[in-house]
Number of protein chains: 2
Amino acid sequence: MEEKEVTIYDIARELDLASSTISRALKNDPKVKLKTRNKVHQMAQKMGYQSNPFARSLRNKRSFLIGIIVPRLTNHFVSSAISGIEDTLSTKGYNIIIGQSYGQTDKEISALKMLMDNRVDGLLISLADYATSLEHIDQSTKKKIPLIFFDQVPDLTDSSVIVIDHAQAAYLATKHLIQAGCKKIAHVTTHVNHSIYAEKYAGYKKALFESDKKLKEELLVFDDLSSIESGKNVASHILKMNKRPDGLFFENDSSAAGCIASLKKAGLNIPKDIAVVGFNDEPIASLLDPNISSVTYSAYEIGRVAAQNILLQIENPEMPKISKTVLPARLIVRESSSR
Amino acid sequence: MEEKEVTIYDIARELDLASSTISRALKNDPKVKLKTRNKVHQMAQKMGYQSNPFARSLRNKRSFLIGIIVPRLTNHFVSSAISGIEDTLSTKGYNIIIGQSYGQTDKEISALKMLMDNRVDGLLISLADYATSLEHIDQSTKKKIPLIFFDQVPDLTDSSVIVIDHAQAAYLATKHLIQAGCKKIAHVTTHVNHSIYAEKYAGYKKALFESDKKLKEELLVFDDLSSIESGKNVASHILKMNKRPDGLFFENDSSAAGCIASLKKAGLNIPKDIAVVGFNDEPIASLLDPNISSVTYSAYEIGRVAAQNILLQIENPEMPKISKTVLPARLIVRESSSR
DNA sequence: TTGTAGGCGTTATCAA
DNA sequence: TTGATAACGCCTACAA
């Protein structure tokens with residue numbers, strides 16, 4: 001019933017050569033006469049030969065698999081990054097295998113175990129939660145295989161990380177609001193204790209500091225800014241303030257969107273009364289009324305760079321690790337901040 | 001440098017047993033004495049044994065890999081479906097490997113080749129373009145391995161397909177518009193020659209037919225309805241019409257969104273003048289002003305069902321194939337169609 | 001330039 | 001209930 005797969009032995013028999021010669025010829029080993037090589041390739045083609053990855057991996061102790069762990073696949077930025085990773089790796093003969101942490105450390109652990117069980121050659125991780133320790137990761141990987149963090153990276157690690165320039169991003173956003181004439185710019189943020197937020201804060205401060213006017217810092221810190229709903233809370237907070245800000249720089253577009261919606265409902269004019277810049281250029285950003293200006297970066301590019309770096313580490317085990325790659329952010333100006 | 005992996009031989013030596021016994025014990029073969037089994041499991045744990053998937057696959061001729069081909073990972077519905085697939089398969093010890101076709105047949109072919117090279121045990125495909133023939137797929141798979149189409153499925157095939165009930169979806173949308181009081185309901189669509197569109201059309205017709213009033217059919221056919229931009233074209237077409245429709249049922253939410261935006265700009269009131277229902281419940285649907293009503297379905301659920309079915313086919317090769325699974329759609333009513 | 005032989009780790013078959 | 005052995009397909013010293 002089952003048709004047998006063609007192996008190098010079949011080719012060898014057909015050509016009256018040794019299997020080792022076929023093996024060498026197939027990978028274009030120059031030790032094999034060119035004429036023989038051609039003959040082998042031709043015959044392989046003709047017989048529909050496909051090399052068996054299991055035998056190869058068993059022999060080489062290489063899987064040509066890269067493991068990826070992300071919070072969730074359905075996030076637009078995650079899928080873009082994976083797209084970048086996939087495109088880069090597939091041209092080099094590597095495949096990816098994906099685990100989702102759903103933002104939970106325990107699922108991150110089991111995903112990691114799954115990937116290690118599958119003997120991945122390298123690991124690309126966007127953390128579930130950068131607040132927790134990395135012990136579980138160190139433990140599972142035992143530092144034996146190349147590991148790169150991307151996008152959601154830990155504060156302290158001796159692994160490579162690929163991130164965007166959060167300080168620059170915040171700087172761009174704030175500078176833009178200043179140039180739009182805002183006098184009181186609030187930075188709406190969460191956990192300020194993590195370095196990502198610290199960097200954003202630094203960029204925000206730098207922009208304020210550089211401006212001629214004496215702009216005062218105005219931090220609005222919330223526990224949660226992950227959803228549209230949370231943005232509405234921000235709005236009600238702002239509406240209650242004595243001296244409302246006239247410029248807002250948000251953690252992300254979802255919360256910015258929710259906030260804008262509420263502020264509008266309360267009769268405020270965006271951007272006349274309050275100008276807004278979001279973060280991430282999520283799909284909603286360009287569709288709301290008014291469109292949300294946003295600081296963003298190419299998730300695809302992050303994925304591409306992460307993939308390139310992990311390959312470098314795999315192919316050159318002795319190479320010193322590139323400890324940190326910082327990719328630039330850019331500002332997308334739309335109606336919510338143009339006045 | 002490289003630490004050697006623990007193998008069943010190591011365990012065997014440690015326990016003074018044969019490797020074959022270890023192998024059996026590890027998979028809980030009842031032929032092995034329970035006491036021995038426990039001992040083996042304990043020792044395996046202690047020594048940090050991990051079974052080698054390559055050796056196992058080489059021996060079993062099974063990869064425990066499922067190949068997935070999708071137009072693009074960054075589509076929200078695709079990533080949801082994959083999430084459903086992943087969650088289902090991972091509990092059964094299967095992993096996924098993904099190829100993107102980017103909507104092009106040639107990339108679909110190379111993705112297919114890649115997956116076959118990796119010896120996947122089954123194939124889950126959402127077509128790049130259901131207009132083209134399936135020859136390339138038949139050819140690469142040679143029908144040797146289980147194959148299921150999901151979401152974007154071919155018209156004619158002897159493989160299993162998992163789809164939503166497009167007729168019901170269209171019926172729901174149209175019925176809703178009728179109940180909202182629309183007198184002239186246009187169905188905005190593309191390629192009416194494919195069965196998916198034919199089914200939608202049928203559902204649309206059925207709803208019209210069932211209504212008391214003598215509603216006339218009103219098809220607006222466009223080449224492209226994939227983007228917000230294309231929706232704007234629809235709007236300008238509608239604005240030029242002598243007798244404008246007062247209800248619209250769209251192919252998807254993006255085009256509906258673009259159309260609504262343009263119609264509003266032209267001074268029309270949505271939904272008073274024209275009520276609108278979209279398709280897919282894309283993220284934009286709930287964020288626009290007014291929110292777009294939408295017919296939708298659970299992509300995650302489609303993925304889940306597809307994964308379950310492919311496993312069934314893999315584990316029971318002789319089982320007759322379930323030729324077609326149709327999942328229900330549901331209507332999400334929002335402002336754009338409530339009046 | 002090509003051939004021989006052994007092993008990668010697992011499992012199925014047969015024997016004990 | 002357990003053990004010995006061969007085989008899955010490929011690769012690489014080493015030999016010729």
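**Notes on the predicted model**

1. The residues near DNA strand D comprise seven nonpolar, 11 polar and seven charged ones by class. The model is a predicted one, and this applies to every point below. In total, 25 residues surround DNA strand D, and the closest of them are Thr7(A), Ser20(A), Ala55(A), Ala18(B) and Ser20(B). Two or more residues each are supplied to this surface by α2 and α4 of chain A and by α2 and α4 of chain B. The element that gives the most to the surface near DNA strand D is α4(A), with five residues.

2. DNA strand C is surrounded by 25 residues, the closest being Ala18(A), Ser20(A), Ser20(B), Asn52(B) and Ala55(B). Elements contributing two or more residues here are α2 (19-26) and α4 of chain A, along with α1 (8-15), α2 (19-26) and α4 (53-60) of chain B. For DNA strand C, the largest share of the surface comes from α4(B), with five residues. The class composition of this surface is nine nonpolar, 10 polar and six charged residues.

3. The contact between the two protein chains involves 30 residues from chain A and 30 residues from chain B. On the side of chain A that touches chain B, two or more residues each come from α4 (53-60), α5 (76-90), β2 (95-100) and α6 (105-117) of chain A. Of that side, α5(A) provides the largest share, seven residues. The residues on the side of chain A divide into 14 nonpolar, 11 polar and five charged.

4. Chain A contains an open sheet of six strands in the order β7-β6-β8-β9-β10-β12, with mixed pairing. Which strands stand at the edges? They are β7 (219-221) and β12 (330-332) of chain A; each has a single partner strand, so one side of each is left without a neighbour in the sheet. On average, neighbouring strands of this sheet are turned by 20° against each other, direction ignored.

5. Within chain A, strand β8 (residues 247-249) and strand β9 (residues 275-279) pair in the parallel sense over three bridges. Leu248(A) has Val276(A) as its bridge partner in β9(A).

6. Helix α9 (residues 195-210) of chain A has 16 residues and reaches 22 Å from its first C-alpha to its last, close to the 22 Å expected at 1.5 Å a residue. Buried positions in α9(A) are Glu199(A), Lys200(A), Gly203(A), Tyr204(A), Ala207(A) and Leu208(A). The buried residues of this helix pack against α8 (166-179), β6 (185-189) and β8 of chain A.

7. In chain B, Asp246(B) is found in the loop between α10 (228-240) and β8 (247-249). Is Asp246(B) buried, exposed or partly exposed? Asp246(B) is partly exposed because 19 other C-beta atoms lie within 10 Å, whereas a residue counts as buried at 20 or more. Not counting residues up to four places away in sequence, Asp246(B) touches Cys182(B), Lys183(B), Lys184(B), Asp273(B), Ile274(B) and Ala275(B). One of these, Lys184(B), is 62 residues apart from Asp246(B) along the chain, while their C-alpha atoms are separated by 5.5 Å.

Key. Residues numbered from 1 in each chain as written. Chains lettered and ligands numbered in written order. Predicted model: local features only at pLDDT ≥ 70, side-chain atom pairs only at ≥ 80, totals over all residues. Helix = DSSP H or I, 4+ residues; strand = E, 2+ residues; numbered from the N terminus. Buried ≥ 20, exposed ≤ 12 C-beta atoms within 10 Å, placed from the backbone. Contact = placed C-beta atoms within 7 Å. Nonpolar A, V, L, I, M, F, W, Y, C, P; charged D, E, K, R; others polar. Pairing = 2+ DSSP bridges. Axes fitted to C-alpha atoms, helices over the stretch in contact; angles between N-to-C directions. Near = placed C-beta within 6 Å. Expected span 1.5 Å × (residues − 1).
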